[in-house]
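Work through the exercises below with the sequence and the coordinates open. Each task is followed by a solution in steps.

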Amino acid sequence: DQAEAMAHLGIEKADIFGVSMGGMIAQHLAIDYPEKVRRLILTVTSARPNPILAESIGEWMSLAKQGDHIGFMDSNVRRIYSDEYYRKNKWMVPFVGRLTKPKSYDRFFVQADACLTHDAYESLGRIQAKTLVIGGERDRALGGEPSKEIAAVIPGAELRMYRQWGHGLYEEARDFNQIILDFLTRETRKA
């Protein structure tokens with residue numbers, strides 16, 4: 001779908017940035033359409049299921065099946081953000097939960113199943129794009145190891161691991177945007 005959208009918009013080649021499930025989608029785009037991906041950034045994502053990811057999604061699916069949206073949101077915030085962020089912001093969870101409860105969890109279940117069955121690991125070596133992989137050592141949604149695993153398999157991939165952050169590092173790490181910008185402009189500045 002992404003390759004088709006790019007073609008429809010007249011985008012021949014692009015820098016692709018994928019976070020979490022978006023990183024899983026970005027992996028497939030880079031593998032299946034290498035001519036469309038100039039640079040690739042994979043952030044807090046996984047190439048295949050692992051026990052931490054299965055536990056997280058299992059918990060979320062159970063809460064969704066029960067219709068416990070506040071519990072679902074609380075689990076998300078607790079697993080995605082740092083302990084400090086959770087302590088400061090957990091008071092908002094009931095309010096956000098009431099405002100954002102979907103009429104149906106059908107789309108969530110489709111996405112959860114896609115994450116649990118996603119396996120691009122054996123094909124990662126075919127990625128040709130210059131790649132930056134970013135992960136968090138304290139990622140309670142899928143763990144830090146998947147980022148290291150991805151970077152070890154993609155030829156020439158750079159790895160940036162945050163010791164103090166988890167899955168929500170893209171919102172919590174103050175230097176995150178600068179790291180992305182530096183990666184995307186590095187070759188441009190040399191020219």
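**Exercise 1.** Determine the handedness with which H4 passes H6, and describe the contact between these helices.

Solution. The model is a predicted one.
- Step 1: the crossing in which H4 passes H6 is right-handed.
- Step 2: the residues on the H4 side are His69, Ile70, Met73, Asp74 and Val77, and those on the H6 side are Val93, Pro94, Val96, Gly97, Arg98 and Thr100.
- Step 3: sorted by class, the contact of H4 with H6 has six nonpolar, three polar and two charged residues.
- Step 4: for the geometry, helix H4 (residues 69-80) and helix H6 (residues 93-100) have axes 8 Å apart and pack at an angle of about 125°.
- Step 5: an angle counts as roughly perpendicular from 65 to 115 degrees and as roughly antiparallel over 145; H4 and H6 are therefore oblique to each other.

**Exercise 2.** Classify the arrangement of H3 against H4 from the angle at which their axes cross.

Solution.
- Step 1: helix H3 (residues 51-66) and H4 have axes that cross at roughly 160° and come within 8 Å.
- Step 2: this angle makes H3 roughly antiparallel to H4, because the cut-off for that class is over 145 degrees.
- Step 3: H3 passes H4 in a left-handed crossing.
- Step 4: from H3, the residues Glu55, Ser56, Glu59, Trp60, Leu63 and Ala64 meet Gly71, Phe72, Ser75, Asn76, Arg78 and Arg79 of H4.
- Step 5: the contact of H3 with H4 splits into four nonpolar, four polar and four charged residues.

**Exercise 3.** Give the strand order of the open sheet and say which strands lie at its edges.

Solution.
- Step 1: the open sheet has four strands in the order S1-S2-S3-S4, and the pairing is parallel.
- Step 2: strand S1 (14-19) and strand S4 (158-162) are the edge strands, each pairing on one side only.
- Step 3: from one strand to the next, the twist averages 15°.
- Step 4: S1 and S2 pair in the parallel sense over five bridges, and Gly18 stands opposite Leu42 in S2.
- Step 5: strand S3 (residues 130-136) is joined to S4 by five bridges, and these strands run parallel. Ile134 stands opposite Arg160 in S4.
- Step 6: helix H2 (residues 21-32) lies across S1 and S2 and runs at about 145° to S1.

**Exercise 4.** Is Thr43 buried or exposed? Place Thr43 in the chain and list its contacts.

Solution.
- Step 1: Thr43 belongs to strand S2 (residues 37-43).
- Step 2: Thr43 counts as buried because its relative accessibility is 0%, and the cut-off is under 20%.
- Step 3: S2 is itself mostly covered, with six of its seven residues buried.
- Step 4: leaving out residues up to four places away in sequence, Thr43 touches Phe17, Gly18, Val19, Ser20, Ile134, Leu169 and Phe176.

**Exercise 5.** Assign Tyr33 to an accessibility class and find its surroundings.

Solution.
- Step 1: Tyr33 sits in the loop between H2 and S2.
- Step 2: its relative accessibility is 36%, so Tyr33 counts as partly exposed.
- Step 3: not counting residues up to four places away in sequence, Tyr33 touches Ala3 and His28.
- Step 4: from C-alpha to C-alpha, Tyr33 and Glu122 are 16 Å apart in space, and they are 89 residues apart in sequence.

Definitions and conventions. Residues are numbered from 1 along each chain as its sequence is written. This is a predicted model: local features need pLDDT of at least 70, side-chain atom pairs count only at pLDDT 80 or more; totals for chains, interfaces and linings use all residues. Side-chain values use heavy atoms; hydrogens and water are left out. Helices (H or I, at least four residues) and strands (E, at least two) are DSSP runs, numbered from the N terminus. Buried means under 20% relative accessible area, exposed over 50%, partly exposed in between (1.4 Å probe, protein chains only). Contact means heavy atoms within 4.5 Å. Axes are lines fitted to C-alpha atoms, for helices over the stretch in contact, and angles run from 0 to 180 degrees between N-to-C directions. Angles under 35 degrees count as roughly parallel, over 145 as roughly antiparallel, 65 to 115 as roughly perpendicular and the rest as oblique. A crossing is left-handed if the near helix is turned anticlockwise from the far one by less than a right angle, and right-handed if clockwise. Ala, Val, Leu, Ile, Met, Phe, Trp, Tyr, Cys and Pro count as nonpolar, Asp, Glu, Lys and Arg as charged, and the others, Gly among them, as polar. Two strands pair if DSSP finds at least two bridges between them.
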